[in-house]
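Me: Please take a close look at the sheet in this model and at the salt bridges around it. I would like one connected account.

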Amino acid sequence: MKARYLLAAVAVAAVLSVLTLTGGRAPASAQTPQTQSDYIVVLNDNLPDVFGIIAQIERLQGVQSRLRFSTALSGFSARLTSAQVQAMERLPWVQFVSPDYEVHAVGSVAIRSGDSAPAGV
């Protein structure tokens, strides 16, 4: 159980790092037309049926999510064109769209004696 909270904390830290590096809500639509790139679409908090809304967005926008998130934040990752990013940013459920790229933790937090981190963390 503690490992799950640690994983959620790492995910939140990664998202906050991305927001800091991209300057918050900066539009993510700086790609050339028809070029697909990886993005993370973050949905508003407290949506009643996150996976249902993601499925509806997929149908409306003609995209396929790669990963779906519902614990640390609600949203999904997908390969999108510039036009799809602009359309996503206008949807009422979408908080923001961010380019998806690798981030690295700057510091670390010691794990309490007896606890263990899940594989890959």
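Reply: The secondary structure of the chain amounts to 3 helices and 4 strands, where helices (H or I, at least four residues) and strands (E, at least two) are DSSP runs numbered from the N terminus. Starting at the N terminus, the elements follow the order α-β-α-β-β-α-β. This is a predicted model, in which local features need pLDDT of at least 70 and side-chain atom pairs count only at pLDDT 80 or more, while totals for chains, interfaces and linings use all residues. Residues are numbered from 1 along each chain as its sequence is written, and side-chain values use heavy atoms, with hydrogens and water left out.

The 4 strands form an open, antiparallel sheet in the order β2-β3-β1-β4; two strands pair if DSSP finds at least two bridges between them. β2 (67-69) and β4 (94-99) are at the edges with a single partner strand each, so one side of each has no neighbour in the sheet. On average, neighbouring strands are turned by 25 degrees against each other, direction ignored. Axes here are lines fitted to C-alpha atoms, for helices over the stretch in contact, and angles run from 0 to 180 degrees between N-to-C directions.

β2 is joined to β3 (residues 75-80) by 3 bridges, and the two run antiparallel. In this pairing, R68 is opposite F76 in β3. Helix α2 (residues 50-61) packs on the sheet and touches β1 (37-43), β2, β3 and β4, its direction making about 140 degrees with that of β2; contact means heavy atoms within 4.5 Å. Helix α3 (residues 82-89) lies across β1, β3 and β4, at about 150 degrees to β3.

The structure holds 3 salt bridges, each a side-chain nitrogen of Lys or Arg within 4 Å of a carboxyl oxygen of Asp or Glu. One is between D38 and R66, with the closest N and O atoms 3.2 Å apart. D38 is in strand β1 and R66 in the loop between α2 and β2, 28 residues apart. R79 also forms a salt bridge with D38, at 3.1 Å between the closest N and O atoms. R79 lies in β3 and D38 in β1, so this pair ties together parts 41 residues apart in sequence.

E58 and R68 meet in a salt bridge of 2.8 Å, N to O. This pair links helix α2 to strand β2, 10 residues apart. E58 is buried at 11% relative accessibility, whereas R68 is partly exposed at 37%; buried means under 20% relative accessible area, exposed over 50%, partly exposed in between (1.4 Å probe, protein chains only). Shared partners join D38, R66 and R79 into one salt-bridge network.
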